[in-house]
Amino acid sequence: MEDSGRKWDRCVSDSAVKTVLGLGVGALFSVLFFKRRSWPIAFGAGMGLGMAYSNCQHDFKSPYLLHGHMVKVTHTHTQS
Amino acid sequence: MLRVCWKGANAAARNCLCGKVPVHPLQHCRRYTSAGNSGSAAGKIVAASILTVGGGLGGTILYAKWDPKFRANVEKSVPYSDQLFEMALGPPPPPFIPMQKKPVKAEPLQISSVSEASKDSKQPKAKSKAKEKQPEPAPVDPKPAVEEAPALPPQTIEEASAEAAHIISAMSEVQSVPAPGTSNEAVPAESEAQTSTVAAEECHECASHEPAVKERPGEEVAARLAQQDKAEQDALAALSFNLEDTLGFSAKLTLQAIGAQEAALTAIGTHTHRLREAMDSEDPPDKKSAQWRELEDALSERTRAVDQAGQSLLQAKEQLEKLRVVINGAKESKIEAARPQILAAEENLHSMIVDLDKVVTKVQAAQTEAKIVSQYSELVNEAKVQFQKELSSITPEVQANWKGLTGKLSADDLNSLIAHAHRRIDQLNRELAEQRVREQIRIEAALEQQKHEHQRAVDSAVDKAIQHNHEQLRLEQEKKMQEVREVMEAEMRTQLRRQAAAHTDHLRDVLKVQEQELREEAQEALSSKMMEQETQHRRLAQEQLDSFTLDMNSAYARLKGMEEAIDSHVVAEEEARKAHQLWLSVEALNYTLKTAAADAPTEPLEGAVRTIKESCAENEFAQALATALPDESLTRGVYSEASLRARFYGVRRLARRVALIDETRNSLYQYFLSYLQSILLFEKEQEAPPTKLAAQDLDTFKLLAYATYSIERGDLELAAKFVNQLHGESRRVAQDWLKEARLTLETKQVVSLLSAYANAVGLGTTQAP
């Protein structure tokens, strides 16, 4: 029951951090490479938000994610 | 920039929305369309199959209606088709049952007689399969043996059984219902008549009860027989009397006739003799006249005798005729006992006839002889007269007695006489010659005549002799038959005597056997009664003994019981102590359970459980229960119900919020949607759970409502059950709570069991005051 709350907390914090970082990196790039256009900032922010969203979703999905394992059957020689 | 970001986010969200939402409807549509396409094809297939099946069924029913054998086959092979057929066509047609007549074990005589009848009558049978199979009856011998009876075809056996049953019912002493075979009215009276006529010799009993079979009781039959006998006797007596009478009379008459004939014979004889004498003798005239007178007497005598003889002969013949008639009548009456008499009478008759005939022939012979003699005498007389006349004509003067005139005659007379004599001699010689010749002729004619007459006489004599012989033979045959009959009678009597002897022997044997059997029975009865008495006596003695031992045993048992009671008392006290201890320890456990504070678990139950285990070391049930407590409760303790209840609401809230999340739909957007749903969905917080959970009740909200209701009512178990039905994220969220609830419930269950057990033990060991 507490997992949910914690998950949400992580989610929000993670998204905030990533958005801001994205913003920052976008701003940096816009300043350095793209002649102070606005689109890299939006791009960076969006990327950050998207990453945060994806992370959050993955975190929430994690109990339901199936990890398939390939089991190699080794042919053992038995007397039968 | 923020607006741009926001627009981008919205666009992204809308894309997600557009991408996500149509999933389900599309799935549904796909399902619908595929269902639609397959639906029409399936419909066609279904229609075609229905048509085929219906057609086959209808055809089967119609054919079964037409052909009952096919119907029977189908009914046999297909289980419930007979009901279907009965519904559609009505009951099946009645099966073809041939007339089963039980072949009656009839007596051999009847079967043989009946087989004759069936051979003769040749009656058709309506519904006889046997007749179809064997068209003509096997040829039956006129006098079949018993072994041949099974060889008869079934129809004749049926017939035989019918006839035999008929006859048996007719013959039995008791008034019985005629056997079922007799109801077959194809047996008319004529066949019965045929039976009786054809098999009269073989079936004596049949013959005695004539065609129109009507039962007569035994006494009537005996009376009738007696009557018949008496009538016979009377008739016999009358007949014999009659016979004797006529016989006597006819004998008398015959004797009379014979006597008369003989008298006539003698008369004729004397007459003839006299006549001859008279002819031949040369006596003086007076003697001659005397002779002639005597001759006349004899002649009259003879005529008289002959007449008398004729009369008596007529009478005798009449009487003999009468006798013959009477004998024939007696023969026709067919009385057995009169046979010898009849035979004797016939013999007598025959002998009398023979005698009469003999005598008659004698008389006839005598008469012919007499005729001859008389003719001769006439001739002689005639010649004499002639000569006399001639002599008188030649010598007219000399009359009658010319012999005394020899001296008186002259020489002329003598010469003329001599000449006359010579002439006469010549004439006579000529006459003689002529006569000789004529004689020859006459003799021949006479011989011829004689031959004819002789022939006739011979024929008549032969006929008479043949008749007499015939009669004689017949009489002899009758006599022989009579003898043979007597012999047979005697033999039959001996055989019957033998049979009677055998019968008596058999009776003796049977009686002996019966005596033996009865003796054995009596012995058995006696021994059984003795045994009964003995067993009874023994039983009484045993009872006495048993009762005494019972008393002794009961006294001993009571003593023992008392000792045991005392022992068990001790044991019970011990038990009570133990139970008390157990109960105390269980109470301690209960108390520890109550130490749960809000939101904190109880103390670990380890200590209490240990004391329990110590207190009931030998009690397996308690030990098992004590070990059944979950480890968590022992180490950590359990939460109280109240804390669980409080926590439940938080769990409920969370579960509602994540109601839409499961394995398939668990993106962040779904989380938002489910949160929205939980806010917008209004429903009762508590809802009474139904007795049976249906599929639609497995909705999260419903389940939570039921669980809330249950937990408010204090039913943690039911609430846990409902919470257990959650799926997906809601379940995960409630998992902790569920685990805790389970623990609590388990512990509580075990503890309650233990306390119940302790209570029970305590109750068991408590002494009632």
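1. The contact between the chains (heavy atoms within 4.5 Å) draws 16 residues from chain A and 18 residues from chain B. This is a predicted model, in which local features need pLDDT of at least 70, side-chain atom pairs count only at pLDDT 80 or more, and totals for chains, interfaces and linings use all residues. Residues are numbered from 1 along each chain as written, chains are lettered from A in the order written, and side-chain values use heavy atoms, without hydrogens and water.

2. Between chain A and chain B, about 1500 Å² is buried, 70% of it from carbon and sulfur atoms; buried area is the accessible area (1.4 Å probe) that two parts lose on being put together, summed over both. Across this interface the rule finds 0 salt bridges, a salt bridge being a side-chain nitrogen of Lys or Arg within 4 Å of a carboxyl oxygen of Asp or Glu.

3. Over all chains, the count comes to 22 salt bridges. One of them joins R474(B) and E346(B), at 3.4 Å from N to O. The pair links distant parts of the chain, 128 residues apart: R474(B) lies in helix α13 (residues 411-593) and E346(B) in helix α12 (residues 339-394) of chain B, helices being DSSP runs of H or I, at least four residues, numbered from the N terminus.

4. R474(B) also forms a salt bridge with E478(B), the closest N and O atoms being 3.7 Å apart. These two residues both lie in helix α13 of chain B, 4 residues apart, about one turn of the helix. E346(B), E471(B), R474(B) and E478(B) are linked in a network of salt bridges.
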